[in-house]
Amino acid sequence: MASSDHPLLHLIETGLSGPSRLTAIFPRTKVALTNHELLDLIGKRRCLLKEKSFPTRVILHLGKSPEYLSWLLACFAEGACVCPVDPGHGEAELKRAAAAFKPDWIVAHHPLPFLDPMPNAPVKNETIYRNSPEARSGLPPGTALCMFTSGTTGRAKGVLLSENNLAYGSELVPLAHQIAEQDRALAILPLSMINGMVTTILAILRSRSSAIYYEGMFTAYQAFQWAIEHQATWINAVPVHYAAFCNPFLSTEERTGHRVRFCRSAGSRLPVQVLQDFENHYKIPIIETMGLTETAGQVFANPMELDERKIGSVGRPVGIEAKIVSSAFEELSDGEEGEIWIRGENVFLGYLDDPTSTAQALHDGWLRTGDRARRSVDGFFTLTGRIKEIVIRGGQNVSLQEIDDTLCQHPAIALSGSVGLDADLDGETVVSFVQLKLDRKAGEKELLAHCAERLAAFKLPSQITLLEKLPLRSNGKVDKQELKRMANCFKEKAL
Amino acid sequence: MTGQKLRELICSVLQIDGSGLKDGDIDQSKLRVWDSLRHLRLIVALEKETQKKFTAKQIAQMVSYHTIAQEVGATRS
């Protein structure tokens, strides 16, 4: 098959070919894989996929590990569609993803008591579960990935990306950051997120470089220890991690011997103070970027030439077209504020089983990102806010609608309104206000427990406040502006 | 700071009900909600409460009730 027909297979084969070299390092479990060893692991799983009735949809419920890496790439190589679900997000998220994606297999590290494991599957550290999905509609041809995200339009949805989308996305990171074979990434982010997957798996293959996969809970001290020990040349993280590097700063002794030439930041806006503190202390530049799940990752980046950077901006478009558009769908001039629209080979196929949301997000070949920004005369984009009700926590989109829907599933809740506040180290916090039904009672603890059973930890509101009546707008909708004002008042009083 | 107060602070930041948990169960490896983001919040809360500044190395080691109690010098009662 020609590489253009199967670009991910081509990427895997070329990215892992050639003389033996270290490709993937898992420092906590002390596993280091050469390109040949990784190819071997992928090959074994490709055989399994072929032998066992060839699943077309596979959920990977695996942590950062050689198993995740090899299953992901084996599925890509064989043309199966993968849906990664972070095991850290719990069983409820997995069940929700399985109900929507309808996989043939779920591959997991942890036991899944609600499914039967495949007997005699020749795998050691993971278990394959067969799933018998009900009737499902087909995926668009060439779909390689379904990734659940709160997306650009507010509700959790499965973003469908094609082989071409991912293969093109993998080119943009090495292009923007001049990553070459001798480079080695310290990959801090989960590989089930688009940033982690494209930037530190596919872009690593594209540049034939290598990565250190940070396993377990992040601490700045541990990150630097591994960066030094395994000779990282760049770090991929989100603002919360850079804030952690600054609170407290590592001592000179704790960072002696590193080779890190730059850090890459994405996921949410990097506070200028954090950037300056980090760079002043560590003398390592942070390159600000921006990407979306719907664009297979990075689409904007600041230049690597430090005097050309624009602090506070996400940079210029890389490998795509971008424009600023008004609410009347008219292109705006430099300096005017509007929505960012993007066009390019990496723009996604659509949302899983959701033609309405797909039609809202895609307009005439352009992706409406939901992000508001201004473009400067020299082509830099600076974010000014978001159009839709999403907050970003630790680099992950959280839909306020999803939180409100979950709260309203509680039998005592009549109405719920959640708002995001610029707050702490991990970006925005979510504060929820609820109105109880008449004659019903529920406390904050009970409501939090209700949410914790149904939502991943990063989606939980930091506070739930009971109000006798939620403020409403004239159209009968909850007045979120008023709630935000109230939440800010509470915050100021608390300080 | 007493051990009881420390427990309450950890459970409050991690948003967990600690009533059924033994001290040994309050451990990052056993609690799914104790992720890196909540860990940072916990350290900030501990620094505020104890008026101590922890080093990066200490922060990396404070991943259970017992190791935190050791670092903050929590008393038993």
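This is a guided tour of a predicted model, stop by stop, for use with a viewer.

**Before starting**

Residues are numbered from 1 along each chain as its sequence is written, and chains are lettered from A and ligands numbered from 1 in the order in which they are written. In this predicted model, local features need pLDDT of at least 70 and side-chain atom pairs count only at pLDDT 80 or more, while totals for chains, interfaces and linings use all residues.

**Stop 1: confidence**

Colour the model by pLDDT, the predictor's confidence in each residue, from 0 to 100. For the complex, the predictor gives an ipTM of 0.72 and a pTM of 0.83. Chain B has a mean pLDDT of 86, with 96% of its residues at 70 or more. Where pLDDT is low, the predicted coordinates should not be read in detail. Helices (H or I, at least four residues) and strands (E, at least two) are DSSP runs, numbered from the N terminus.

**Stop 2: the domains of chain A**

Colour chain A in three parts: domain 1 (1–136), domain 2 (148–388) and domain 3 (390–494). These bounds come from an automatic or database domain assignment. The centres of domain 1 and domain 3 of chain A, taken over C-alpha atoms, are separated by 36 Å.

**Stop 3: the sheet of nine strands**

Now show the strands of chain A. Nine of them form an open sheet with mixed pairing, in the order β2-β1-β10-β9-β11-β12-β13-β14-β15. Two strands pair if DSSP finds at least two bridges between them. At the edges are β2 (31–34) and β15 (316–317) of chain A, each pairing on one side only. Select β14 (residues 297–301) of chain A: β14(A) and β15(A) pair in the antiparallel sense over two bridges, and A:Ala301 stands opposite A:Arg316 in β15(A). Helix α5 (residues 163–177) of chain A packs on the sheet, where it touches β11 (234–237), β12 (262–265), β13 (286–292) and β14 of chain A. The direction of α5 makes about 35° with that of β14(A). Such axes are lines fitted to C-alpha atoms, for helices over the stretch in contact, and angles run from 0 to 180 degrees between N-to-C directions.

**Stop 4**

Select strand β9 (residues 184–187) of chain A. Both of its faces are covered: A:Arg184 and A:Leu186 on one side, A:Ala185 and A:Ala187 on the other, are all buried. A residue is buried if 20 or more other C-beta atoms lie within 10 Å of its own, exposed if 12 or fewer, and partly exposed in between, with C-beta atoms placed from the backbone. β9(A) pairs with strand β10 (residues 210–213) of chain A in the parallel sense over four bridges, and A:Leu186 stands opposite A:Ile212 in β10(A).

Move to A:Ala232, in the loop between α7 and β11 of chain A. A:Ala232 is buried, because 27 other C-beta atoms lie within 10 Å. Not counting residues up to four places away in sequence, A:Ala232 touches residues including A:Arg184, A:Ala185, A:Leu186 and A:Ile212. Two residues are in contact if their C-beta atoms, placed from the backbone, lie within 7 Å.

**Stop 5: strands β5 and β6**

Select strand β5 (residues 105–108) of chain A. A:Trp105 and A:Val107 on one side and A:Ile106 and A:Ala108 on the other are all buried. Strand β3 (residues 57–61) of chain A pairs with β5(A) in the parallel sense over four bridges. Four bridges also join β5(A) to β6(A), which run antiparallel, and A:Ile106 stands opposite A:Tyr129. A:Tyr129, in strand β6 (residues 127–130) of chain A, is buried, with 21 other C-beta atoms within 10 Å. A:Tyr129 and A:Pro117 are 12 residues apart in sequence and 4.4 Å apart in space, C-alpha to C-alpha.

**Stop 6: where the chains meet**

Last, show both chains. 22 residues of chain A are in contact with 18 residues of chain B. On the side of chain A that touches chain B, α7 (220–229), α8 (239–245) and α12 (444–454) each supply at least two residues. α7(A) gives the most, with three residues. The residues of this side divide into 14 nonpolar, five polar and three charged. Here Ala, Val, Leu, Ile, Met, Phe, Trp, Tyr, Cys and Pro count as nonpolar, Asp, Glu, Lys and Arg as charged, and the others, Gly among them, as polar.
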